[in-house]
Amino acid sequence: MADIDIAPTPSTEQPVAPATVIVFGNEKGGSGKSTGAMHVSAGLLRLGFSVGCIDLDNRQWTLSRYVENRRATAERDGANLPLPELAQIARSGEGTRVVGEADERKRFQTAIAQFSRDCDFIVIDCPGTDTFLGRLAISLADKLITPMNDSFVDLDVLAEVDGLNGKISRLSVYAETIWEQRKQRAAQGAKPIDWIVMRNRLSQIHARNKQDMERVLSELSGRLGFRIAPGFAERVIFRELFPRGLTMIDVLEAGDAGDRSMSHLAARQEVRSLLNALQLPHRVPKRSQS
Ligand SMILES: Nc1ncnc2c1ncn2[C@@H]1O[C@H](COP(=O)(O)OP(=O)(O)O)[C@@H](O)[C@H]1O
Ligand SMILES: [Mg+2]
């Protein structure tokens, strides 16, 4: 992992910094949030950092299942697989909305407090709908990553685009939610959210749609204040690794699954490029300080 730009800095006598919070959010299912969350977590673990994963998607629990599959693989094969901590925060079944939200907030804050103390990074996977927990996560994000399938249908989560002239006609509710969170943080004097849109399932052929998406996204990035990160291409391997809880990073780093095809190397490079594009702060791993 030598070419990743966030290699741990050597331990010195420094106060223990709270964990950096990375949130995967997009109010659309199937855009690659859980896949992205697991790949970023595995990349950070392989660099020697400790990671706390928080799964907020209690309809799917995809990230949790990914982590559990990984644990099972590690136990079964004795594989050298670094594992994250995991917390699942389900939506509340408590009485009124106010009571339910207070309950959700309490459980969320307990997980954040624990991981913030014990881990270097917290990776939060949001559900594909607007929820109270999802908004709480965004409000704490140092980095908010919005993966997006490479189609105008998915672009809708950011803005409506006029079908005839390709111009942006209206911002989406999601974009406004983030705008609102940014305003609140600015009012509290908190650090701004670094919002990053990552294109996913990019077609590997040169297509008109791909270029059109590029143009509209770059226009939107200026208006909404997000950065565009290099994404993942459409690759079957991203789906095949889930049952074993592995990622592209593990496959080659651990010498697992033998096939070092060009496609695997390219996929690993995509994950590394994403990690670099996040511009994560250099940190001293907490484990090396204790
Ligand atoms: N780059 C990719 N290439 C191929 N399949 C992908 C890719 N990214 C995600 N997938 C697949 O797409 C589906 C949705 O991805 P997922 O990460 O679960 O999205 P979300 O969490 O946003 O609902 C999953 O079956 C996943 O394996
Ligand atoms: Mg998911």
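Start at ligand 1: select the 15 residues around it, and look for Gly30, Lys33, Ser34, Thr35 and Ala233, which come nearest (a residue is near a molecule if one of its heavy atoms lies within 4 Å of it). Before you click on, note that this is a predicted model: local features need pLDDT of at least 70, side-chain atom pairs count only at pLDDT 80 or more, and totals for chains, interfaces and linings use all residues. Residues are numbered from 1 along each chain as its sequence is written, chains are lettered from A and ligands numbered from 1 in the order in which they are written, and side-chain values use heavy atoms, with hydrogens and water left out.

Next, show side chains around the ligand. Which atoms does the side chain of Thr35 bring to ligand 1? An N or O atom there sits 2.6 Å from a ligand oxygen, a polar contact (a pair of N or O atoms within 3.5 Å; within protein, one must be able to donate a hydrogen and the other to accept it, and residues adjacent in sequence count only if both atoms are side-chain atoms). Then pick Asn200, with a side-chain N or O atom 3.0 Å from a ligand nitrogen, and Arg201, with one 2.9 Å from a ligand oxygen. On its own ligand 1 has 560 Å² of accessible area, and the protein covers 82% of that (Shrake-Rupley method, 1.4 Å probe; for residues, only the protein chains shown count as cover).

Now for the rings. There are four aromatic pairs in the structure (ring centres of Phe, Tyr or Trp, the last by its six-membered ring, within 6.5 Å; planes under 30 degrees apart are stacked, over 60 edge-to-face, the rest tilted). Select Phe49 and Phe121: this pair is edge-to-face, 5.2 Å centre to centre with 85° between the planes. Phe49 is in the loop between helix H1 (33-46) and strand E2 (51-55), Phe121 in strand E4 (residues 121-125), 72 residues apart (helices, H or I of at least four residues, and strands, E of at least two, are DSSP runs numbered from the N terminus). Phe49 counts as buried because its relative accessibility is 0% (buried is under 20% relative accessible area, exposed over 50%, partly exposed in between; 1.4 Å probe, protein chains only).

Last stop: helix H4 (residues 132-140), where the buried residues include Phe132, Leu136 and Ile138.
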